[in-house]
Amino acid sequence: MTAYEKLLLENKAWAQEMEEEDPEFFKRLSALQTPEFLWIGCSDSRVPADKITGTQPGEIFVHRNIANMVVHTDVNLLSVLDYAVNHLKVKHVIVCGHYGCGGVKAAMSNQDFKPILNMWLRNIKDVYHNYMNELDKITDNDKRTDRLVELNVVEQVKHLAQTSIIQRAWKNNQSPHLHGWVYGLENGIIKPVMEMLPGTSIDRLYTYDDL
């Protein structure tokens with residue numbers, strides 16, 4: 001049996017188990033999607049949003065990319081954010097990074113990862129640059145990496161608040177609540193590192209007055 005055939009077999013077993021536990025599960029799920037959360041996480045296969053939060057299908061709307069970035073020119077991310085906030089009416093947006101992130105480690109190096117990855121990792125390098133005075137004082141490389149993981153999450157939450165999508169929702173609906181979390185691969189525990197309530201003041205340069 002090939003690896004992908006095993007996935008299909010496991011899918012059938014899972015579907016059967018779900019129907020046995022709740023015969024109306026798939027009928028109910030197919031009729032309506034009302035998640036309360038948008039999860040912006042890392043693409044790392046070790047950090048599945050549903051598994052680490054104990055949630056079921058339909059409870060979390062998910063977007064993942066390398067190092068859980070919120071880039072203001074990323075149309076993919078912005079379309080997900082727009083849909084989640086304005087159509088699904090999520091009440092919380094969570095940016096979740098994880099310690100030991102390969103994308104963060106790569107951004108800390110001077111290695112050439114070729115054009116596309118270099119372009120993406122540049123966004124993380126900019127975060128390092130913003131906090132260079134703090135990070136360069138950390139002599140242990142693993143601890144420095146972990147701190148950059150935390151600071152990167154903080155910056156991505158700030159980037160969310162700088163979008164007109166979030167600011168308009170804050171003005172009109174008093175939601176969503178923004179969260180920055182970091183997941184520990186070694187212990188499975190999520191650490192909150194950032195929080196922004198609707199209407200939180202942000203840098204005047206990034207504020208839209210005519211929403």
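## The loop between S2 and H4

In this predicted model, Ala-67 is found in the loop that runs between strand S2 and helix H4, and Asn-68 has its place in the loop between S2 and H4 as well. The backbone of Ala-67 has a phi near 70 degrees, which is a positive value in a residue other than glycine, and Asn-68, also a residue other than glycine, has a positive phi near 45 degrees.

Helix H4 covers residues 75–86, twelve residues in total, and the reach from its first C-alpha to its last is 16 Å, close to the 16 Å expected at 1.5 Å a residue.

Which residues of H4 are buried? They are Leu-77, Val-80, Leu-81, Ala-84 and Val-85. When H4 is seen down its axis, these buried residues fall within an arc of 120 degrees, so they line one face of the helix.

## How H4 lies against H9

Two packed helices are described by the angle between their axes and by the distance between those axes. For H4 and H9, the axes come within 10 Å and cross at roughly 10 degrees. H4 is therefore roughly parallel to H9, since angles under 35 degrees count as roughly parallel.

The residues that meet between these two helices can be named on both sides: from H4 they are Leu-78, Leu-81, Asp-82, Val-85 and Asn-86, and from H9 they are Ile-165, Ile-166 and Ala-169. Leu-81 and Val-85, which take part in this meeting with H9, are also among the buried residues of H4.

In the loop between H9 and strand S4 (177–183) lies Pro-176. Is the peptide bond that leads from Ser-175 to Pro-176 cis or trans? The bond is cis, with an omega near 5 degrees.

Technical notes:
Residues are numbered from 1 along each chain as its sequence is written. This is a predicted model: local features need pLDDT of at least 70, side-chain atom pairs count only at pLDDT 80 or more; totals for chains, interfaces and linings use all residues. Side-chain values use heavy atoms; hydrogens and water are left out. Helices (H or I, at least four residues) and strands (E, at least two) are DSSP runs, numbered from the N terminus. The expected span of a helix is 1.5 Å times one less than its number of residues. Buried means under 20% relative accessible area, exposed over 50%, partly exposed in between (1.4 Å probe, protein chains only). The arc is that of the directions from the helix axis to the C-beta atoms. Axes are lines fitted to C-alpha atoms, for helices over the stretch in contact, and angles run from 0 to 180 degrees between N-to-C directions. Angles under 35 degrees count as roughly parallel, over 145 as roughly antiparallel, 65 to 115 as roughly perpendicular and the rest as oblique. Contact means heavy atoms within 4.5 Å.
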